[in-house]
Amino acid sequence: MESLEELSEEEAPKETKTSSSLPRKLTVKEILATKTQNYFAQTKKTKKTLMQVAFTIGLGSIWRFPYLCHRNGGGNFILMYFFMLLLFGIPLLYMEMIMGHWLRMDNIRVWKQLVPWLGGIGYASILVCILISLYNSIIITWSISYLGNSFDNSLPWNQCPLVKTINVTDLSCLQTVSHQYFWYHTTLSASGHIEEGVESLVVHLTLGIFAAWCLLFLIMITGLKTPMPMLIFTVFLPYILLFCFLIRGLFLEGATASLRHMVTTEFSSWASLDLWRQAGGHVLYSLGLGMGITISFSSYKVGEDNYIQVASLVALVNLVTSLLATSIIFIVLGFWTSTSGHSCVEKSILKLKNLIKRGMLPQDAKPPEDMLYLTTLDYLDWISKLPQYLQYQVIHFSPSCSIKMQKEKFMEGPGLAFVAFSQVISLFPGASFWAILFFLALVIMGLSTSIQILEGIVSPLQNSISTFRRYPKLLSVLICLGGFLGSLVFTSHAGSYIMSLFDDYLIPLTLVIIVTFQNVALACIYGARRVREEIFSDLGRLLWSFFIVLWCYVTLPGLLALTTIYFMQLYQMVPPYYIAWNSSMSQEVKQPYLQSTLGWVTFLSILTLLPIPVHPLYHWWYLQDHIASDPLEKLQPKKMPSVPPKPLQWPKHHLGKSQEKNSESSSKQLSLLLGRGLNLNLPPWQCSLPLSRSSQSSSWLSLPVITSLTSSFSRRSVSLPISRQVSPASVAVDNSELHTETKEDRSRMRTLFSNW
């Protein structure tokens with residue numbers, strides 16, 4: 001994958017030098033050079049947009065949105081998600097884009113620059129990205145597991161798995177579709193509840209997650225570049241496959257009824273707080289809000305983008321992808337519902353009679369003639385009374401449908417997308433080829449999303465910590481090694497339930513709180529109107545006032561309300577539930593979370609958000625400790641006596657009017673220079689100056705103390721402003737610019753002292 005920093009290497013068209021004020025005709029060579037530069041600039045802008053679109057249409061649109069939509073009633077969730085996408089998603093996405101483009105800094109330094117006391121927001125975003133990368137790796141592992149099974153000529157999820165010992169409990173495969181049975185029994189080896197089987201790991205999942213982190217490590221170390229054709233293929237391949245699956249699914253039984261159920265909306269369900277919670281959390285998750293990736297991504301200069309259009313395009317593509325994947329899954333659910341129960345018994349009996357006629361089964365496996373007039377449970381009782389070898393053959397050759405009647409909500413767990421897409425794939429001729437193509441696309445999408453998340457972790461930390469900047473590969477090693485060890489908990493028998501806990505409560509809760517702090521810092525503390533004015537003065541563009549109104553009066557109250565809903569749902573009297581697998585009943589059941597399990601959510605949430613309150617405490621403690629130390633120790637030369645000289649006294653005579661004006665202008669210049677946090681590097685004998693002319697005898701300002709204050713800011717890569725007299729985009733980062741600016745400030749100080 002290509003690093004984001006490579007996108008910033010844009011060559012601006014060279015200005016043509018003219019000897020006079022009259023315009024001259026450009027030569028053919030200059031015209032071709034200008035067109036070439038414009039072409040490459042436009043190509044990089046397109047590539048940047050495609051990379052951002054690829055990040056937002058990742059696993060969240062194809063994997064997460066469908067099962068949340070199915071769990072919350074289809075059309076209710078879609079309408080709620082669209083409503084919150086317009087009022088919350090696009091304004092907040094535009095806010096992060098314009099901040100990165102305005103300040104040209106990574107996620108950590110942006111908040112240190114705008115609101116120094118809330119500089120911990122960037123570090124909290126880093127911790128959230130680490131948690132997301134942990135459970136994203138298990139989704140990649142599931143895709144790798146399905147990809148490995150796709151190379152069989154007969155896809156293993158199309159029928160009940162082969163077993164050596166047959167007993168009554170193996171009839172559970174007939175009580176559900178074989179695809180769901182394969183997911184829980186073969187892929188996950190799932191336990192009955194979240195507290196069971198955590199201490200033991202599933203071998204093939206452990207090997208798969210090791211392979212996933214090895215691939216991520218190799219991509220990060222080698223810095224693989226993604227050419228433009230490969231990026232286009234990666235973005236558009238999922239759409240080609242999804243459209244093929246949709247066309248095939250429309251010919252299935254029950255497709256029309258399932259699509260009608262998908263778009264059906266009951267406004268009475270809008271009173272459910274759980275619907276608001278899950279829709280709002282998915283808006284933040286799907287657009288990558290609060291992770292800092294959008295800010296860091298927009299900080300690299302690749303031409304001038306209209307970020308309102310980019311944000312709207314990203315949100316629209318995300319919505320279309322989610323609806324396309326959800327339509328396919330609802331069609332499959334309708335097909336399962338229409339072919340379950342008595343119709344499945346008829347299909348099974350017909351298949352058994354055909355196998356007996358072809359000589360593949362003995363006559364003893366022929367069901368009774370009146371079996372079609374009996375219940376489905378009688379059919380299961382007849383199979384259980386067969387000899388053991390006949391039970392094995394009947395179960396293995398049974399069709400992939402549920403003999404036991406299921407509810408309308410056939411499956412609600414997070415594995416719904418894998419189970420449903422495996423069903424659609426099995427309906428195609430040459431199903432193995434389609435399975436390899438689809439799950440390979442899922443693996444590539446998962447790796448692409450994880451790489452961008454890891455780059456959002458590595459780049460800001462390298463810019464903030466000098467050790468990682470000197471040894472750039474050390475951070476990649478630590479992150480990948482820690483990520484692999486932390487992801488092992490998801491490979492246990494209860495790993496899918498732990499992943500659901502992360503996905504449903506921990507990650508959305510922390511994202512909502514972080515985005516709330518971002519909105520408060522920008523709209524309330526720094527000021528939305530102030531941001532609008534400074535962006536206009538720095539970038540020459542005026543923000544649309546409608547977004548200022550949204551940031552102040554819509555998104556901020558909405559985020560505060562959403563945070564309250566999350567806490568109410570998490571700590572209510574009735575504990576929240578998760579979807580578990582009951583192997584004896586062969587169906588999903590709702591299991592309540594224990595208080596100890598919810599305690600882990602509280603602990604990890606506090607740990608993730610801890611940098612937000614810790615950073616101002618550290619900031620305050622550092623300044624207090626720096627001011628308390630003797631400011632003359634570092635300024636005195638080695639051979640200088642320990643007793644400092646007497647300070648220069650201000651002259652007693654009155655100043656003239658012209659001198660008063662010069663004094664006032666000089667004091668303004670001094671306050672401006674001190675407000676910018678510049679180290680004046682004054683000699684030790686100039687140890688004090690009056691703060692104002694009106695307080696000559698009583699008010700004095702010690703410059704060494706000011707120097708100690710300002711040096712604490714200048715030690716960082718970007719100086720933190722004490723008073724925002726200057727717009728943040730004008731703060732110099734390059735050392736040469738700092739050196740030039742210091743010379744100018746010293747010349748101003750000489751003029752100031754000469755006037756005084």
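**Helix 20 and its packing partners**

Guide: Helix 10, which covers residues 273-287, packs with helix 20 at an angle of about 70°, and their axes are 9 Å apart. This is a predicted model. Angles from 65 to 115 degrees count as roughly perpendicular, and helix 10 and helix 20 are therefore roughly perpendicular to each other. Their crossing is left-handed. On the side of helix 10, the contact is made by Arg277, Gln278, Gly281, Leu284 and Tyr285. Helix 20 contributes Asp504, Tyr505, Ile507, Pro508, Leu511, Val512 and Val515. Sorted by class, this contact of helix 10 with helix 20 has eight nonpolar, two polar and two charged residues.

Helix 20 itself spans residues 495-539, and it also packs with helix 3, residues 75-103. Here the angle is about 55° and the axes are 11 Å apart. Helix 3 and helix 20 are therefore oblique to each other. Helix 3 passes helix 20 in a left-handed crossing. From helix 3, the residues that meet helix 20 are Leu92, Met95, Glu96, Ile98, Met99, His101 and Trp102. Their counterparts in helix 20 are Val515, Gln518, Asn519, Leu522, Tyr526, Val531, Glu534, Ile535, Asp538 and Leu539. By class, the contact of helix 3 with helix 20 has 11 nonpolar, three polar and three charged residues. Val515 of helix 20 is listed in the contact with helix 10 and also in the contact with helix 3.

Take the contacts between residues at least 6 apart in sequence: 82% of them join residues at least 24 apart.

Strand 1, residues 577-582, and strand 2, residues 587-592, run antiparallel and are joined by six bridges. Isoleucine 579 has lysine 590 in strand 2 as its bridge partner. The hairpin of strand 1 and strand 2 has four residues between the strands, and in this hairpin serine 586 takes a positive phi near 55°.

To return to helix 20: helix 10 is roughly perpendicular to helix 20, whereas helix 3 is oblique to helix 20.

How values were computed
Residues numbered from 1 in each chain as written. Predicted model: local features only at pLDDT ≥ 70, side-chain atom pairs only at ≥ 80, totals over all residues. Heavy atoms only, no water. Pairing = 2+ DSSP bridges. Helix = DSSP H or I, 4+ residues; strand = E, 2+ residues; numbered from the N terminus. Axes fitted to C-alpha atoms, helices over the stretch in contact; angles between N-to-C directions. Parallel < 35°, antiparallel > 145°, perpendicular 65-115°, else oblique. Left-handed = near helix turned anticlockwise from the far one by under 90°. Contact = heavy atoms within 4.5 Å. Nonpolar A, V, L, I, M, F, W, Y, C, P; charged D, E, K, R; others polar.
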